[in-house]
Amino acid sequence: MNNFRADLHCHTLFSDGSDSPRELFAHAKEIGLSGLAITDHDTIHGLVEGMPEAAKLSLPLLSGVEFSSSHREEPVHILAYAFPLNNPEILKFCEMHRKRREERNRKILHNLKSLGIIIEEQALEKSNLPLKGRTIGRPHIALLMIQQGVVGSIKEAFQKYLGEGKVAYDPGESVSVEETIDCIKKGKGFAILAHPHLIHSNKLVKDLLAMPFDGLEGYYANMFKEQEEKWLKIAEEKGWIITGGSDYHGKTKPQNHLGSSWVKEEVFKKLYSHFLSHGSLL
Ligand code: AMP
Ligand code: ZN
Ligand code: FE
Ligand code: FE
């Protein structure tokens, strides 16, 4: 029997996960995973830092990133895989997102201030201190709100203040799905629609399925069986790649367990061999 399992959706300290890449790899080894992709939000710095460490452990690490985008003002997450780590298109896009997020975080802090919740920009920047190129987002703002005693949990911060449409929410400048797919393709990666079952608008699903994705995420932590079947069928009909992963965030999202969703060797090999042949920098 082939026990190969690769979790293709993992966050680290370089975005809103709580594990360093090294801790993530140790955890992956411990539970017997055979491959992994780091898919931090809008940054590849965790990958760049983690790649030599993963090689030392003989753990195949695939390049990945989860880009934030939107369509008709609704958020859409897009996973990119197997691009070369030094690809200028991908690096430029990450840098654009860094600036976009800086601006957006400033607006969210401003919204909180007008509600009497004072979080200084410097305090948020400090979350960034030990890590070059870390993506700072709403979960980091939520952690500072917990420290101040404004809320008791990240979940409460999203429910009351930071979630879409809530009082302190700001979507930030929009980046379209089309331009994100275009960047990934120019960047020699595969563009995958992330956790499609979490999209509730039928119109949005219809629009997205008409776009030139290479695949969709058909296996996902805690996804119901009927939903999984529906999305696997859609992907098969379109001839799309089916990826899977746990969306592991460590302590930030304790309900998503590393390795709870994964892909088999065949899928991993397809992506990983593309990555190796296009310049993994190793
Ligand atoms: P941002 O990237 O700044 O838009 O923040 C979005 C991230 O926050 C998501 O990718 C999740 O990891 C996290 N998140 C979103 N909603 C919640 C929630 N209700 N509770 C905890 N974390 C959340
Ligand atoms: Zn996240
Ligand atoms: Fe996501
Ligand atoms: Fe994610």
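Is Arg100 buried or exposed? I looked this up and found that Arg100 is buried, with a relative accessible area of 8%; buried means under 20%, exposed over 50% and partly exposed in between, with a 1.4 Å probe and protein chains only.

I noted that this is a predicted model, in which local features need pLDDT of at least 70 and side-chain atom pairs count only at pLDDT 80 or more, while totals for chains, interfaces and linings use all residues. Residues are numbered from 1 along each chain as its sequence is written, chains are lettered from A and ligands numbered from 1 in the order in which they are written, and side-chain values use heavy atoms, without hydrogens and water.

Entry on salt bridges. I took a salt bridge as a side-chain nitrogen of Lys or Arg within 4 Å of a carboxyl oxygen of Asp or Glu. Arg100 forms one with Asp42 (3.9 Å, N to O). Asp42 lies in the loop between β2 (35-38) and α2 (45-56), and Arg100 lies in helix α3 (residues 88-113), 58 residues apart; helices (H or I, at least four residues) and strands (E, at least two) are DSSP runs, numbered from the N terminus. Asp42 is also buried, at 3%.

I then looked up Glu156 and Lys160, whose side chains meet in a salt bridge of 2.6 Å, N to O. Both lie in helix α6 (residues 154-162), four residues apart, about one turn of the helix.

His195 is buried at 11%, and His77 is partly exposed at 24%.
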